[in-house]
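Biologist: I am new to this model. Please take me through it, one term at a time.

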Amino acid sequence: MSDLLLTFPLAGRQINRMGYGAMQLAGPGVFGPPADRQAAINVLRAAVDAGVNMIDTSDFYGPHITNQLIKEALHPWHESLCIVTKVGCFRDEKGGWLPAFSADELARAVDDNLKNLGVDVLDVVNLRSMFNVQQPQEGSLDAPLQALIKLKEQGLIRHIGLSNVTPKQVADAQAMTEIVCVQNLYNLANRQDDQLVDSLAAQGVAYVPFFPLGGFSPLQSAELTDVAKSLNATPMQVALAWLLQRSPNILLIPGTSSVAHLHENMAAKDLHLPAEALEKLNGMSA
């Protein structure tokens, strides 16, 4: 893969397409502190040292935990580093994921992100749809999006993105404001967003798959295993490489709490999938 295909513009910067997702740095269930705080800090620093210049996070990871870790590990960070966060949810005392869409709740979420990251303005804030926690579901995002637009006008947010959304919600949002990225579930086994990926690519808008490796149910298939063996790579490296070759606007945010696993993920950017491998993977049953 050429160097040209390894970056994509986001938030006024050229972003290395292999980023890092901080969700796994919190405790079990993305709730509470990590078992080893220093290990989490080491992973963040190793990610930046390895060339990551986009980190995906949210203040409801923990809650507050991942943002506080990012601040401790990296602040003040270089201007080339883009921190992408998200709002639209809060955690109850048992770790449940509940919608937080009112203007007051969104303002409080933005304030929490600013405080815990130690910044005066947020690079990118994704509005996460919560009509269905597991998958996109139609419903109007006009009111919460308007609240974020006001916070942007106040200088607290530079750019707005969307998460867990339908193509209609993307189009409706674009009629209200610039949308710089869309973050949805997408991977080798979940390709329901194929048309949206291509549509956004044509517009020059970043698409950020969450759970690129399957999330809580890691990707598994005979085709994936066979291709990995033929290329002397791991199945997860192949899954990441497939996403990088799928479309130039795809930015990856695989998460890990292990430095060794981080470097394994990063190596996927140098893995080229030949035509026969792509054909086998593209025919893989979900």
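Modeller: Start with the polar contact: a pair of N or O atoms within 3.5 Å. Within protein, one atom must be able to donate a hydrogen and the other to accept it, and residues adjacent in sequence count only if both atoms are side-chain atoms. The model is predicted, so local features need pLDDT of at least 70 and side-chain atom pairs pLDDT 80 or more, while totals for chains, interfaces and linings use all residues. Residues are numbered from 1 along each chain as its sequence is written, and side-chain values use heavy atoms, without hydrogens and water.

Biologist: What does the side chain of lysine 86 make a polar contact with?

Modeller: The side chain of tyrosine 61, at 3.0 Å. A polar atom of the lysine 86 side chain also lies 3.3 Å from the backbone oxygen of threonine 57. Both values fall within the 3.5 Å limit.

Biologist: Why does lysine 86 count as buried?

Modeller: Buried means under 20% relative accessible area, with a 1.4 Å probe and protein chains only (exposed is over 50%, partly exposed in between). Lysine 86 has 2% relative accessibility, so it counts as buried. It touches, among others, Asp56, Asn113, Arg128 and Gln183, leaving aside residues up to four places away in sequence. Touching means heavy atoms within 4.5 Å.

Biologist: Where does lysine 86 lie?

Modeller: In strand E5, residues 82–87. Strands (E, at least two residues) and helices (H or I, at least four) are DSSP runs, numbered from the N terminus.

Biologist: Which strands form the open sheet, and in what order?

Modeller: Seven strands, in the order E3-E4-E5-E8-E9-E10-E11, with parallel pairing. E3 and E11 are at the edges with a single partner strand each, so one side of each has no neighbour in the sheet.

Biologist: What makes E10 and E11 a pair?

Modeller: Pairing needs at least two bridges found by DSSP. E10 and E11 have five, in the parallel sense. In E11, alanine 206 is the bridge partner of cysteine 181, and valine 208 that of glutamine 183.

Biologist: Why is E10 called largely enclosed?

Modeller: Four of its five residues are buried, so the rest of the structure largely encloses E10.

Biologist: What do E10, helix H6 and E11 make?

Modeller: A right-handed β-α-β unit. With the strands pointing away from the viewer, the path from the first strand over the helix to the second runs clockwise.
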